[in-house]
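Me: I would like to learn how to read disulfides in a structure. Please take me through them step by step.

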Amino acid sequence: MNPEFPTSSPLGPLARDRFRKAGLVASLALVLASGVAAPATAAARSITDQPKAAAGHTGDHCKPAHHHKSRVTEGGGKGDCKGPTGPTGPKGPKGDKGATGATGPKGPTGATGPQGNQGATGATGAQGATGATGPAGPTGATGPCAEIDGFQDQQVYEVRGAVSGTITYAGIRDVRPGEDHTMRWTDLSTLTGYPNGGTNGFACGVSVNEHSQGGTALAGIKYDVITTTGLVFETICTESHAANTPASLTCPGPWTALNSPEPGNSNN
């Protein structure tokens with residue numbers, strides 16, 4: 001048996017201490033019998049008094065004056081007293097991360113926040129591709145017409161016919177020596193029957209022609225116009241060139257509608 005770890009005794013610490021002291025007293029008795037009385041007696045008395053002195057220091061037998069471990073405690077046994085609390089051990093390693101829990105239910109929708117400030121205007125985008133050409137539009141109304149015609153006869157005068165806008169003019173100029181050679185115009189659009197819009201249209205082309213007045217000295221000048229609706233109208237003016245008087249025209253009217261040219265006409 002290892003003396004460092006004796007078998008635990010069923011006796012408590014106080015009984016064991018008394019047992020040891022009783023053995024010590026018996027040994028001293030033997031010494032006294034041998035004749036060494038004085039010193040041994042003093043020693044025995046001193047040892048006998050020690051438990052009393054120790055017991056007088058405290059009423060708790062678990063806290064002796066001299067802190068020492070009993071042989072039972074040192075040998076791993078269990079005594080009646082609890083020893084002091086030892087120091088806190090080091091912190092253990094961090095455990096593994098637990099599994100992710102299930103997703104909780106969706107919370108209620110929060111209130112709409114205030115409207116933010118308007119952002120800055122973005123940069124202008126690139127120009128798009130040219131679109132396809134659209135269909136041709138309808139033909140617009142005929143614009144203002146402009147035309148002129150004329151002739152000269154016998155080195156005395158020359159005549160003109162002119163259309164400007166919606167007005168038809170008759171002109172004559174005396175070309176004889178000594179005259180002023182000024183072109184004098186007469187407005188024919190004021191005469192009765194002049195085509196001035198509606199179903200007749202507007203005068204757009206003009207022609208001028210001279211003809212005889214049936215054996216008289218006066219010459220007749222014919223003016224014909226064609227309108228924007230394809231109709232033809234005519235009026236006749238009279239020319240006069242007396243001596244020492246500039247040549248002039250007299251145009252009493254009216255305008256008369258003639259047969260109009262149409263597709264398929266053949267001397268009809």
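Reply: What follows is a short walk through the disulfides of this predicted model.

Me: How many disulfides are there?

Reply: A pair of cysteine sulfur atoms within 2.5 Å is taken as a disulfide. By this rule there are two disulfides. One joins Cys-145 to Cys-204, with an S to S distance of 1.6 Å. Cys-237 and Cys-251 form another, with their sulfur atoms 1.9 Å apart.

Me: Which parts does the pair of Cys-145 and Cys-204 tie together?

Reply: Cys-145 lies in strand 1 (residues 145–153) and Cys-204 in strand 5 (residues 203–212), so the pair ties together parts that are 59 residues apart in sequence. The link of Cys-145 and Cys-204 is left-handed, with -80 degrees about the S-S bond.

Me: Is Cys-145 buried or exposed? And where does Cys-204 fall?

Reply: Buried means under 20% relative accessible area, exposed means over 50%, and partly exposed is in between. Cys-145 has 7% relative accessibility, so Cys-145 counts as buried. Cys-204 has 25%, so Cys-204 counts as partly exposed.

Me: What is the handedness of the disulfide of Cys-237 and Cys-251, and where do these cysteines sit?

Reply: The torsion about the S-S bond of Cys-237 and Cys-251 is about 115 degrees, so this disulfide is right-handed. The pair links distant parts of the chain, 14 residues apart. Cys-237 is in strand 7 (residues 232–240), while Cys-251 is in the loop between strand 8 (248–250) and strand 9 (256–258).

Me: Are Cys-237 and Cys-251 buried or exposed?

Reply: Cys-237 is at 0% relative accessibility and therefore counts as buried. Cys-251 is buried, with a relative accessible area of 14%.

Technical notes. Residues numbered from 1 in each chain as written. Predicted model: local features only at pLDDT ≥ 70, side-chain atom pairs only at ≥ 80, totals over all residues. Heavy atoms only, no water. Helix = DSSP H or I, 4+ residues; strand = E, 2+ residues; numbered from the N terminus. Buried < 20%, exposed > 50% of the residue type's maximum accessible area, 1.4 Å probe, protein only.
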